[in-house]
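Okay, thanks for making time, everyone. I'd like to walk you through some ring contacts, so let me put the structure up.

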Amino acid sequence: MQVYLDGDKVPGYDHRVTAQGQIDRKDLSGQSSSTAASYAGWKPWLLAVRTRIDFDRPDELLALRVMFQAAQETETVGQSFDEFGTPFTDVTTAKTLVPKLWEITDDTAAALGLFNVRFAVAMQVEPDAEQRRWEVTLHLIEEGSAPQKAEDRLPAATTPAAAAPDASD
């Protein structure tokens, strides 16, 4: 199985993809032994892409590092303060670097409906001297999921968190 990011094959061989979905669960038990909890919806899926790169192909390991560190520039409107300390929106824009958004092509990701990802947290490289290769794990996080897009289209008052009934009733 091959994995592609923006149409480019992820370097290495023997690609393996695992996925982890999460529900945001908040413990409401306080100091008691209660199992009460509130649920705040699905969090973005996490993907781990594992690949192997032979020691005689260090260029492929470097290519993965470049992909991992790729960033895209975004413009954000800055906040400034007047002479009295009152905040206002500055019409000048500030440049912010965020991890690049990648389109992923993989059977597991497609089966789960995951199409856009960013590198998240870490890229792990572990040498295997016996096999003369590196075991590499790329950690990716879903971006712009179908549930997120549906939630973004809801009016603010009907989002799951805002529409949850008051527990004190």
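Let's begin with one side chain: is Trp102 buried or exposed? It's buried, with a relative accessible area of 7%. Keep in mind that this is a predicted model.

So what sits over that ring? Lys100 lies over the face of Trp102, and the distance to the ring centre is 4.2 Å.

Now, the aromatics. Searching the whole structure turns up three aromatic pairs. Take Phe68 and Phe119: their ring centres are 5.5 Å apart and the planes meet at 85°, and since anything over 60 degrees is classed that way, the pair is edge-to-face.

Phe119 comes out at 7%, which counts as buried.

Back to the tryptophan, then. Trp102 also pairs with Phe119, edge-to-face again, with 6.1 Å from centre to centre and 90° between the planes. Trp102 is in strand β7, residues 102-105, while Phe119 is in strand β8, so this contact ties together parts 17 residues apart in sequence.

Phe119 is the residue to look at on screen, as it pairs with Phe68 and with Trp102. That's what I had, thanks.

Methods
Residues are numbered from 1 along each chain as its sequence is written. This is a predicted model: local features need pLDDT of at least 70, side-chain atom pairs count only at pLDDT 80 or more; totals for chains, interfaces and linings use all residues. Side-chain values use heavy atoms; hydrogens and water are left out. Rings of Phe, Tyr and Trp (its six-membered ring) pair if their centres lie within 6.5 Å; planes under 30 degrees apart count as stacked, over 60 as edge-to-face and the rest as tilted. Buried means under 20% relative accessible area, exposed over 50%, partly exposed in between (1.4 Å probe, protein chains only). Helices (H or I, at least four residues) and strands (E, at least two) are DSSP runs, numbered from the N terminus. A charge sits over a ring if NZ of Lys or CZ of Arg is within 6 Å of the ring centre and within 35 degrees of the ring normal.
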